[in-house]
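Try each task before you read its solution.

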Amino acid sequence: MIVKTLSSDHTIGWVVASFTTLAIVGLFLPNWVLNGTMFGLARGLAVLGLLLLWRTGLISFGHALYFGIGAYAVALLEKYTGVSDIFLRLAAALIAASVVGFILGFVLRNYRGIFFAMLSLAFSMVLYGVLIKSEALGSTDGFSVSQTTILGWQPETKYPLFLMIILIGALAAVGVHVYFRSALGHLTTAVRDNEIRVEYLGYSVARAIHLKYVFSAALTGTAGGLFAMALGQVDPDSMVNWTVSGELVFISVLSGPGSVAAPFIGAVAFEFLRTFAFELAPHAWQLIVGGTLLGIIFFLPRGLWSLMEHVLMRKERRRG
Amino acid sequence: MDNASSILRVRDLNKSFAGIVAAKNINTDIKPGEVVGIIGANGAGKTVFVNMITGYLKPSSGSIEFAGRNITGIEPRDATHIGVCRSFQISQVFMSMTVMNNLLVAISLANHDTRSLLRPLNSMRRVRECEQVMERYKLSDYRDQVAGTLAQGVRKLLDIAMAVVSKPKLLLLDEPTSGVSVDEKFDLMDIVVNALREQGTAVLFVEHDMDIVQRYVDRIMAFYQGEIICDAPPELALRDSKVIEYVLGPGHAIQLVGDRLEESRHA
């Protein structure tokens with residue numbers, strides 16, 4: 001009910017308002033904060049892809065596969081064709097991830113629960129293995145990614161890229177929100193609740209899951225492409241390794257499944273949590289990050305977003 | 001029986017599981033709009049029969065024809081598309097969704113139109129249709145209640161309502177009153193049978209309660225060890241010597257306990 005009230009009509013307005021605020025605030029942010037926010041929002045987009053599967057009752061422990069494919073698509077496009085335009089880069093990331101998602105979808109749509117999670121992990125580690133062994137693909141060092149251009153214009157600061165990231169994040173959030181509200185989007189919960197019923201209503205569960213999987217891969221691939229552009233580099237350990245998949249799952253839990261805005265809030269929070277934890281305790285930062293997750297699971301089982309739900313619910317109640 | 005007018009024709013249907021015969025030489029015809037009760041002791045092959053018609057189980061041999069089309073071994077979702085729907089012994093609904101959203105999902109999938117699936121779930125047209133269904137099945141009071149919190153009887157109604165939003169020509173109900181309290185049973189069946197008769201849907205239903213069977217069906221099919229031992233109107237079937245011996249038991253002891261064996265086959 002809470003979720004329904006929140007996401008009824010206000011979500012799109014909220015996304016537009018947040019986009020505008022971020023666009024303005026971004027002008028005044030110091031460089032390191034701007035960078036951190038970009039990394040966070042790019043990861044948030046990847047987590048949005050995971051959220052799509054989560055609502056269907058599926059958890060992927062291998063989404064770094066698509067994150068990595070998106071990132072490497074950007075790097076390889078530059079290496080072989082010299083293209084640095086943001087739109088072409090994004091198209092490469094999105095198409096590469098969607099194609100791989102479409103192919104692997106035929107296998108993964110037959111699995112659920114832990115089998116789905118582990119098989120996803122296995123596929124991502126295959127890519128990791130190939131990358132670190134292959135000189136042509138940059139081996140363990142990866143490649144550097146040159147500064148992104150926008151329709152031939154080479155910006156001098158990172159702000160234009162930041163603006164593009166929040167724009168794409170906002171568009172994706174609105175798109176997924178509209179999708180969740182549609183009949184097709186409600187099939188996510190329906191499939192999670194009862195596959196037999198969905199089949200007997202005349203819809204193929206395998207097809208529903210395949211579709212969501214490709215959609216999810218496309219979002220996460222695009223996110224990987226943006227992350228590579230923001231970082232200016234790709235390498236297997238920070239893009240494809242299982243720890244990256246773990247981070248994405250971590251952020252999903254931190255954010256909660258309540259809203260399409262949650263992954264972005266959670267991901268930015270995670271980025272700065274990690275930065276400060278590292279600052280505070282260079283040798284034990286993982287302890288702080290892990291402790292935070294435990295706290296979230298114990299006290300906010302529906303993630304950081306549930307704080308937002310409380311506020312909005314109270315407002316709703318006051319209105320009558 | 002006149003073949004041309006029957007909606008379902010079953011010929012020489014057999015099914016065995018690793019040597020155990022679950023269905024043996026089943027032959028029957030169902031006319032449009034007919035309400036048929038299926039009775040039989042536990043493990044007599046009632047649910048197996050229902051499952052073969054809806055494609056959940058593939059028959060070992062024999063043929064099933066629906067509206068002149070061979071549907072033997074069809075996929076359940078294709079059966080749905082051509083107008084054969086079913087409800088379940090254990091309600092199969094979307095437990096975490098509201099009654100209204102359960103029905104809205106069913107309605108949106110019923111018109112097999114991909115483009116309409118992209119429209120909001122609660123579009124005006126769908127909501128209007130949903131309200132009519134809730135009215136007909138007396139579900140309006142529960143519209144915003146989450147399905148997982150409904151009483152058994154209401155959840156059963158929801159299950160059946162979801163199965164018929166696509167206006168099937170044949171509906172199979174597997175023990176519609178199992179797990180429903182005695183005082184709710186007749187109300188539930190009144191609602192369902194009236195709505196279905198109005199719609200002209202033929203109904204095949206598995207039932208253990210002979211009071212229910214007698215009151216609502218045009219015909220009874222009695223099963224014993226995978227075979228139909230009697231196929232006749234209720235007043236004749238319930239007096240049949242074989243039915244009394246193998247189904248009703250001596251002294252017409254009416255069986256009220258659910259069909260555990262078949263239930264586990266479902267899960």
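**Exercise 1: a hairpin in chain B**

Find which residue takes a positive phi in the hairpin of β4(B) and β5(B), then trace the bridge partners of Glu65(B).

*Solution.* Keep in mind that this is a predicted model.

Step 1. Look between the two strands of the hairpin: 2 residues lie there, and Ala67(B) has a positive phi near 50 degrees.

Step 2. Check how the strands run: β4(B) and β5(B), the latter covering residues 69–70, are antiparallel and joined by 2 bridges.

Step 3. Start at Glu65(B) and step into β5(B), where its bridge partner is Asn70(B).

Step 4. Now turn to β1. Strand β1 (residues 8–17) of chain B is also antiparallel to β4 (residues 61–66) of chain B, with 5 bridges between them. Here Glu65(B) is the bridge partner of Arg9(B).

**Exercise 2: where the chains touch**

Work out which element gives the most residues to the side of chain B that touches chain A.

*Solution.* Step 1. Count both sides: chain B supplies 24 residues and chain A 18 residues.

Step 1. List the elements of chain B that give two or more: α2 (76–82), β6 (84–87), α3 (99–110) and α4 (114–118).

Step 2. Pick the top one: α3(B), with 5 residues.

Step 3. Sort chain B's side by residue type: 13 are nonpolar, 8 polar and 3 charged.

**Exercise 3: confidence along chain A**

Decide which element of chain A has the lowest mean pLDDT.

Step 1. Compare elements: helix α1 (residues 2–8) of chain A is lowest at 45, while helix α5 (residues 86–108) of chain A is highest at 97.

Definitions and conventions: Residues are numbered from 1 along each chain as its sequence is written. Chains are lettered from A and ligands numbered from 1 in the order in which they are written. This is a predicted model: local features need pLDDT of at least 70, side-chain atom pairs count only at pLDDT 80 or more; totals for chains, interfaces and linings use all residues. pLDDT is the predictor's confidence in each residue, from 0 to 100. Helices (H or I, at least four residues) and strands (E, at least two) are DSSP runs, numbered from the N terminus. Two residues are in contact if their C-beta atoms, placed from the backbone, lie within 7 Å. Ala, Val, Leu, Ile, Met, Phe, Trp, Tyr, Cys and Pro count as nonpolar, Asp, Glu, Lys and Arg as charged, and the others, Gly among them, as polar. Two strands pair if DSSP finds at least two bridges between them.
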